[in-house]
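Subject: Structure handover

Hi,

Here is the structure I said I would pass on. Please open it alongside this note.

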Amino acid sequence: MRVMVFVKATADSEKGIMPEREMFEAMGKFNEELAAAGLMLAGDGLKPSSQGKRVAFDGPNRTVIDGPFAETRELVAGYWIWEVKDMDEAVAWVKRCPNPMPGPSEIEIRPFYEMADFAGVFTDEEIAQKVQRREELGM
Amino acid sequence: MVERDAGRAIEAVFRIERARLIAGLARLTRDIDRAEELAQEALLIALAEWPARGVPDNPGAWLMAAAKRRAIDGLRRDAMRARKHDAIARDLDEADSPIERIEAAMDDDIGDELLGLIFTACHPILSAEARAALTLRVVGGLTVEEIARAFLSNEATIAQRIVRAKKTIGSAGIAFEVPRGRALAARRAAVLEVLYLIFNEGYAATAGDDLTRPALCAEAQRLGRILAGLMPSEPEVFGLLALMEIQASRLAARAGPDGGFIPLTEQNRARWDQLLIRRGLDALQRAEALGGAQGPYALQAALAACHARARTAEETDWARIAGLYDRLAEVMPSPVVALNRAVAHSMAYGPEEGLRLIDEIAGMNVLDSYAPLPAARGDFLFRAGRMDEAKAAFEAAARLSRNGSERAFLLSRAEACGG
């Protein structure tokens, strides 16, 4: 299964304070372990919400809101995408992560929707049509 | 409830460490069975001790130390065993130093040990099926039941296959090491072959009710990524990884919800997994940068990449695909590659060119009972406007086909030729 792992923002990360060198190194080592285990698909850090924008939807209206945004705990400071066998494995890996922030912090794990979750999205007719036309031979 | 959760958490930690643990123990004992038993015993000790004291900082080193202590205990209890066991006990005694020292030693060659286990499980002395089963068991950590399900076999057959494979490795005295020098190329090819076999078993799923078994693909990709991390300068490792990532990017688009197959040209490309495509293209670039653009896996990955880059089927760069097939036919000649090459040339340069190439293959009489050959020929003739001949070719293909829906498709094409 594929999961997205969110490093939640803190007051420091929202201020754009860069982590200490040691933390960078510890995180680099952790990233190497993830890659060596073959589960890391992607990952990056995000700039503070002061550099972000939101678009609010209300019926036909679109309102652009400039950052920073207030509810720091709900903001995201970085993410990974991992391929793991189950949530237990994802949790075991997150527990190995060095604390990504100088103070208390939180990491959240969310599974992706999978193929099976979408069964029924396409109509039976659509599928039947496609099934009738089997593979173009030799291609 | 809390206890059960703690147990599950410990088992998750164990699963992360298992392959490396077995790799280290197998090198020590030269016995995969014993290595698996010791790893399992270490898990039991962890399940007994960790709930109270917490998971140690370096669980891998802790489990390894526990397993080694069990190995020594076992050997001491059975002191009358053969001499080679005394030798192992001596080795183990020396290794059974404080945990810090073991940790240091483990950090040194952990990758080397895992690679040694992969190369041993994929030793050419074993059949490809045995290599695949053993690799999934000891490196992938799949259960015998999971492997049996993956290969549509029964548990007893798979269990026996694994037992025999271990026995063969044991009696051949294989050293659980990565070969050096000239032996490396052949052994590496054997490893890549196994990974691709596992991947294809998940991707092509020729039998059974499910069109694909994505979990098996995911396992092959994971092993490919691990291998790429352990052998960062081997272009064909990246070639194979690129091929698997790009092909897997289409898994969701290949099958309808009812399990029916959707061909490449008909797939909804919005459902292709762009993350895997990007990873595949990166791996391909790496293979090419390492000088491996002409490797058979890299060439196949480059072919897959041509489709991945085309936003619509119409945008497909058939001239490039035809050129890649020219090269693939040189490095990996086979009748099927030759047939695909003819199809690519027909798409790039017109049906007459396809007919010219396919007549060369037909002249070799190697694909006489292979339905796709007359089917492709029928398609070229149809596009060239030679309807009578096209009809005959499609009918010939239908007679050769063993798949009901394929036969119906071919007969409908024969019908469309009129007459």
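Below is what I found, chain by chain.

First, a caution: this is a predicted model. Chain A has an average pLDDT of 85, and 82% of its residues score at least 70. Where pLDDT is low, the predicted coordinates should not be read in detail.

**Chain A**

Chain A holds 4 helices and 6 strands. Along the sequence the pattern reads β-α-α-β-β-β-β-α-β-α. The chain has 139 residues, and 19% of them count as buried. Take its contacts with a separation of 6 or more: 76% are between residues 24 or more positions apart.

Which strands make up the open sheet, and in what order? There are 4 of them, in the order β2-β5-β1-β6, and the pairing is antiparallel. At the edges sit β2 (40-45) and β6 (107-111), each pairing on one side only. On average, neighbouring strands of this sheet are turned by 15° against each other, direction ignored.

Two of the pairings can be followed residue by residue:

- β2(A) and β5(A) run antiparallel and are joined by 5 bridges. Here D44(A) has Y79(A) in β5(A) as its bridge partner. G45(A) stands opposite G78(A) in β5(A).
- β1 (residues 2-8) of chain A also runs antiparallel to β5(A), with 7 bridges between them. M4(A) stands opposite I81(A) in β5(A).

In a regular strand the side chains alternate between the two faces of the sheet. Keep that in mind when you look along these pairs.

One backbone detail deserves a look. The peptide bond between G67(A) and P68(A) is cis, with omega at about 0°. P68(A) belongs to the loop between β4 (61-66) and β5 (76-83) of chain A.

**Chain B**

Chain B has 20 helices and 0 strands. It counts 419 residues, of which 44% are buried. Among its contacts between residues at least 6 apart in sequence, 61% join residues at least 24 apart.

Start with α6 (residues 128-138) of chain B. Of its 11 residues, 9 are buried, so the helix is largely enclosed by the rest of the structure. Two arginines, R131(B) and R137(B), are among the buried residues of α6(B). Others there include A130(B), L134(B), L136(B) and V138(B).

Next is α15 (residues 318-331) of chain B. The buried residues of α15(B) are I321(B), A322(B), L324(B), Y325(B) and L328(B). Seen down the axis of α15(B), the buried residues fall within an arc of 165°, so they line one face of the helix. An α-helix has 3.6 residues a turn, so residues three or four places apart point the same way. The buried residues of α15(B) pack against α14 (296-309) and α16 (335-349) of chain B.

Then Y196(B), in helix α9 of chain B. Y196(B) has 20 C-beta neighbours inside 10 Å and so counts as buried; the cut-off is 20 or more. Its C-alpha atom is separated by 9.2 Å from that of L241(B), 45 residues apart along the chain.

Last, two backbone angles. Most residues other than glycine have a negative phi, and most peptide bonds are trans.

- R30(B) has a phi near 55°, a positive value. R30(B) lies in the loop between α1 (2-29) and α2 (32-53) of chain B. With 17 C-beta neighbours inside 10 Å, R30(B) is partly exposed.
- F176(B) also has a positive phi, near 55°. The loop that holds F176(B) runs between α8 (155-172) and α9 (182-203) of chain B. F176(B) is buried, with 24 other C-beta atoms within 10 Å.

That is the handover.

Best wishes

Key. Residues numbered from 1 in each chain as written. Chains lettered and ligands numbered in written order. Predicted model: local features only at pLDDT ≥ 70, side-chain atom pairs only at ≥ 80, totals over all residues. Buried ≥ 20, exposed ≤ 12 C-beta atoms within 10 Å, placed from the backbone. Pairing = 2+ DSSP bridges. Axes fitted to C-alpha atoms, helices over the stretch in contact; angles between N-to-C directions. Arc of directions from axis to C-beta. Contact = placed C-beta atoms within 7 Å. pLDDT = per-residue confidence, 0-100.
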